[in-house]
Each structure stands twice: as structure tokens, then as C-alpha cells.
Amino acid sequence: MNTFPILETPRLRLRRMQTSDIPSLLKYVNNTKITDQILNFPYPYVEEDAIFRMHIILQGFKEKQRFVFAITQKEEDELIGEIGLHLDKASNRAEMGYWLGEPFWNQGLMKEAIGPVLKFGFEEVKLHKIFATHFISNPASGKIMEQNGMIREAEMKDHYKKQGIYETVFQYRLTKEEFKTFRPRLEQ
């Protein structure tokens with residue numbers, strides 16, 4: 001796959017990240033409600049962080065290690081969040097991660113974005129398993145995963161250290177076979 005895919009939902013367009021997204025990245029990520037929930041996002045989130053992230057994202061696609069989609073609303077092309085798959089080719093799986101700018105919370109947008117990414121991962125990338133984690137302090141993220149058919153499979157105690165504090169996470173999964181069973185509900 002040499003061309004980055006574009007995925008669409010009724011309200012969203014998921015497209016390739018681009019350098020013109022940096023101002024929106026700074027606007028929405030420079031918020032402790034976002035950075036406190038994401039392992040590798042510092043606060044304050046400054047331009048150097050956004051440029052470094054953009055480099056990692058673009059290089060990851062070039063090396064076929066990452067597919068990170070900018071989440072945009074169809075009416076406007078402004079980045080309002082991200083959703084991506086970080087591949088582990090040896091195990092034929094990927095870790096999914098996502099965030100959404102605070103002004104767009106509680107509108108069902110992230111729930112809407114996850115379905116096509118799962119479909120892309122299983123049907124286009126041919127993954128066997130997709131998993132994701134969330135800090136226990138963010139139960140809304142787990143609810144969104146469950147709404148997309150993901151199954152909570154583990155509590156990982158003190159799994160990450162962020163800002164000097166050990167964080168416990170819940171891990172969710174979906175295998176290709178589980179996706180086949182749940183897919184009809186995603187397409188309703």
C-alpha cells in the first residue's frame with residue numbers, strides 16, 4: 001500500500017496526517033484533559049512536540065509500521081483528533097490509539113471513527129488482532145471500545161509510569177474472528 005487510505009463515515013473523513021495539521025494539533029492537544037490520558041504526549045504540548053510527532057507519523061507510514069489518521073469532520077478539513085494503528089508485524093497485530101479534541105467530546109464521533117479503522121485493520125492490513133488500552137481514570141474510552149465490539153481482556157496494574165506516577169490500564173482486544181461476528185452491528 002503506497003497511497004495512504006481515506007476512510008469515511010456519515011460525519012467524518014479519516015485521512016493522512018499532514019504538516020498543515022500542526023496548528024490544530026497544538027490547539028487541541030495542549031490540554032491536560034488530553035495529555036493526562038496519553039502516554040507519550042507532554043504538557044505543555046509545544047510546536048517542537050507536534051513537529052516531532054508528525055515526523056514519527058509520516059516515517060511510520062513510509063516504513064509500513066503505523067497508520068495514523070487525522071480525524072476531520074466532512075464539512076471542514078480541520079484535524080479534530082487522531083486514530084491510528086501501530087503494527088507489530090511479527091505477531092500480526094496492532095495497537096490502536098486515539099484522541100479527540102475536547103470541543104468534540106460526547107457527540108459519538110470517536111465511536112464512529114473506530115469502526116472503519118477496525119475494518120481497515122482486519123480487511124486491508126489483514127491483521128489477526130487489534131488491541132488498545134486506556135488508563136483506568138478514563139472509563140469513557142473503554143465504553144467506546146466496547147461499543148465497537150472490543151472485549152476487555154486484562155487489567156495491567158502499574159503498567160506505565162507517567163509524570164512519576166504508575167498508571168494502571170485496562171486492555172481491550174478484537175480478533176479477526178470476533179470482528180467478523182460483530183461487524184454487522186458496526187455497519188448498522
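**Group meeting: the sheet and its helices**

Strand 3 and strand 4 run antiparallel, joined by 7 bridges. This is a predicted model, by the way. The link between strand 3 and strand 4 is a hairpin of 5 residues.

How enclosed is strand 3? Of its 8 residues, 6 are buried, so strand 3 is largely enclosed by the rest of the structure.

Let's zoom out. The sheet is open, with 8 strands in the order 1-2-3-4-5-6-8-7 and mixed pairing. Which strands stand at the edges? Strand 1, residues 7–8, and strand 7, residues 151–162. Each has a single partner strand, so one side of each lacks a neighbour in the sheet. For strand 7, strand 8 (165–175) is joined to it by 8 bridges, antiparallel. Arg 152 has Tyr 172 in strand 8 as its bridge partner.

Next, the helices. Helix 3, residues 47–62, packs on the sheet and touches strands 2, 3 and 4. Its direction makes about 120° with that of strand 3. Helix 5, residues 139–147, lies across strands 5, 6 and 8. Against strand 6, helix 5 runs at about 160°.

Last stop, a loop residue. Asn 31 sits between helix 1 (22–29) and helix 2 (32–35). Buried or exposed? Relative accessibility is 16%, and the cut-off for buried is under 20%, so Asn 31 counts as buried. Leaving aside residues up to four places away in sequence, Asn 31 touches Tyr 43 and Glu 102.

Terms used: Residues are numbered from 1 along each chain as its sequence is written. This is a predicted model: local features need pLDDT of at least 70, side-chain atom pairs count only at pLDDT 80 or more; totals for chains, interfaces and linings use all residues. Side-chain values use heavy atoms; hydrogens and water are left out. Helices (H or I, at least four residues) and strands (E, at least two) are DSSP runs, numbered from the N terminus. Buried means under 20% relative accessible area, exposed over 50%, partly exposed in between (1.4 Å probe, protein chains only). Contact means heavy atoms within 4.5 Å. Two strands pair if DSSP finds at least two bridges between them. Axes are lines fitted to C-alpha atoms, for helices over the stretch in contact, and angles run from 0 to 180 degrees between N-to-C directions.
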